[in-house]
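The report below goes through its elements and a few single residues.

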Amino acid sequence: MEKKDIEYTLNEEHLKKFETFGRYYETLFGLSDWGIYYRLPSCDEDREHIVGNKAFVCSDRIGMTASIVLSPVWPLTEPTDENLRDSALHEVLHLVLIPLNSLATYRFSVNEEDIGTEVHRIIRKIAWAITKTTGEIL
Ligand SMILES: [Zn+2]
């Protein structure tokens, strides 16, 4: 099997670890005003959205609730503790940036792809700094 064909299957144990990391970062970033749930994909919409992603956030900014959905299949990336932590941090940072993301989209009618690019640039910088200072949670 070529490296490009490698797929890793994730299970409830991975989800449990992913949630533990996510909860840690929720606390770190003060997201206590959100109701956040962690789950595997549960409907066709989830399964469509998850393709090519390790996880994604599905949120209701008005109701302040969000689901962080973990993909049950990771192509190429092994779901090690470090990779699960990094993925959880990435998704929690999406939640941190949702107000800014929404404001930019609706107020300035900026291209959604441009906003996504900038959001990911910010996420990478914050994630790098955070993992340098909180590596002990692994
Ligand atoms: Zn992202």
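Leu28 has its place in helix H1, where helices (H or I, at least four residues) and strands (E, at least two) are DSSP runs numbered from the N terminus. With 15 C-beta neighbours inside 10 Å, Leu28 counts as partly exposed; a residue is called buried if 20 or more other C-beta atoms lie within 10 Å of its own, exposed if 12 or fewer, and partly exposed in between, the C-beta atoms being placed from the backbone. The C-alpha atoms of Leu28 and Glu113, which are 85 residues apart along the chain, are separated by 28 Å.

The model is a predicted one, in which local features need pLDDT of at least 70 and side-chain atom pairs count only at pLDDT 80 or more, while totals for chains, interfaces and linings use all residues. Residues are numbered from 1 along each chain as its sequence is written.

Helix H1 (residues 12-28) and helix H3 (residues 81-107) have axes that come within 8 Å and cross at roughly 50°; such axes are lines fitted to C-alpha atoms, for helices over the stretch in contact, and angles run from 0 to 180 degrees between N-to-C directions. H1 and H3 are therefore oblique to each other, given that angles under 35 degrees count as roughly parallel, over 145 as roughly antiparallel, 65 to 115 as roughly perpendicular and the rest as oblique. On the H1 side the contact includes Phe18, Phe21 and Tyr25, and on the H3 side it includes Leu84, Ala88 and Val92, where two residues are in contact if their C-beta atoms, placed from the backbone, lie within 7 Å. The residues of this contact between H1 and H3 divide into seven nonpolar, three polar and five charged, with Ala, Val, Leu, Ile, Met, Phe, Trp, Tyr, Cys and Pro counted as nonpolar, Asp, Glu, Lys and Arg as charged, and the others, Gly among them, as polar.

The strands pair as follows, two strands being paired if DSSP finds at least two bridges between them.

| S2 (residues 35-39) and S4 (residues 65-70) | parallel | five | Arg39 with Val69 |

Two residues deserve a separate look for their backbone angles. Most residues other than glycine have a negative phi. Met64, however, has a positive phi of about 55° although it is not a glycine, and it lies in the turn of the hairpin that S3 and S4 form with four residues between them. Met64 counts as partly exposed, with 13 C-beta neighbours inside 10 Å. Leu76 likewise is not a glycine and has a positive phi, of about 70°. Leu76 is found in the loop between strand S5 (73-75) and H3, and is exposed, with 10 other C-beta atoms within 10 Å.
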